[in-house]
Amino acid sequence: MAVELGEKNQKDDEVDILTKITDYVDKQLRLFRNVSWVLAGAGIILIVRRTYVFRHFKVVSDIPKEFVAKNITFRGHVCEVRFDNTLGVYHIPLIRRLKYSSDTEVSKQSSLLAISLVGVEFREGGHEWLSGHLMSTDVKITPFQVTKKHTLDCMVYKKKNWFSSICVNQELLRQGVAVTCHVPTLVNSPVFQKLQRQLLKAELFAEKKGVGVWKRPSRVEALQKKMSAPISLIKRGLDAFKYLRSLFSREATNHKEK
């Protein structure tokens, strides 16, 4: 009996030790899970802060340098088309907070980014095209550099339909209301060099179509222009002949009087 009682007590002790070990492991697992959740939450907060998902850019200097260096696209709403052909754009954060959606027009006007269209020079009709196609529209903006005038040189994209968008810089060239220009500060940017080739193709398209600044005179206008040159020469010849004839007539009259 004593032996059986001793074995039973030994088994109970072993069960108690196993239970204690199991409880300890469970507690450590709970602690590990809690720490994991805390670390995951801290990681999410860090990512959110680094990606500026809530940040609202009110002036060009608010835009992080890495956005410009890495050509990170952000969204905005065009509120102004200015006389120097820059855009006044209200920045839309990636994740909008309630106060942004409730901003008044007055507060929006006081916090507009000055956006210039990189790689293009405006010609006649360019300002009117911008005003007619971009005012009060949402756009996507890819920055390339901050200019000396503190504007942001960008490629601007406007939504065309549910599945595609158009590049405003290219469309200006395709319509013949702008021409390409050299940007010496971006010659070492492979991203811009690729886009510049697309700009040149758009300009070549306008030149072939003869639109905007590339508009060619019609056949009638060209014929009139060709005919106007010899006609003007004939008129000049007749005028010169009349002048000489009148001159000789005066000399003959004076000679007779003598």
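Is cysteine 154 buried or exposed, and what is its relative accessibility? Cysteine 154 counts as buried because its relative accessibility is 0%, where buried stands for under 20% relative accessible area, exposed for over 50% and partly exposed for what lies in between (1.4 Å probe, protein chains only).

This is a predicted model, in which local features need pLDDT of at least 70 and side-chain atom pairs count only at pLDDT 80 or more, while totals for chains, interfaces and linings use all residues. Residues are numbered from 1 along each chain as its sequence is written, and side-chain values use heavy atoms, with hydrogens and water left out.

The protein has 258 residues, of which 30% are buried, and its secondary structure consists of eight helices and eight strands, taken as DSSP runs numbered from the N terminus (helices: H or I, at least four residues; strands: E, at least two). Its accessible surface is about 18,700 Å², and carbon and sulfur atoms account for 60% of that, by the Shrake-Rupley method with a 1.4 Å probe. Of the contacts (heavy atoms within 4.5 Å) between residues at least 6 apart in sequence, 64% join residues at least 24 apart.

| Residue | Relative accessible area | Class |
|---|---|---|
| Cysteine 154 | 0% | buried |
| Cysteine 167 | 8% | buried |
| Proline 143 | 0% | buried |
| Threonine 86 | 8% | buried |
| Phenylalanine 54 | 34% | partly exposed |

The structure holds zero disulfides, a disulfide being a pair of cysteine sulfur atoms within 2.5 Å. Cysteine 154 is instead among the contacts of proline 143 beyond four places in sequence, a list that also includes Phe67, Ile72 and Leu152. Proline 143 lies in strand E5 (residues 138-146), and its C-alpha atom is 8.7 Å from that of valine 156, 13 residues apart along the chain.

Threonine 86 sits in the loop between strand E1 (74-81) and strand E2 (87-92). Its side chain makes a polar contact of 2.7 Å with the side chain of aspartate 84; such a contact is a pair of N or O atoms within 3.5 Å, one able to donate a hydrogen and the other to accept it within protein, and residues adjacent in sequence count only if both atoms are side-chain atoms. Beyond four places in sequence, threonine 86 is in contact with Glu80, Val81, Ile115, Ser116 and Thr151.

Phenylalanine 54, in the loop between helix H1 (2-51) and helix H2 (65-69), is partly exposed because its relative accessible area is 34%.
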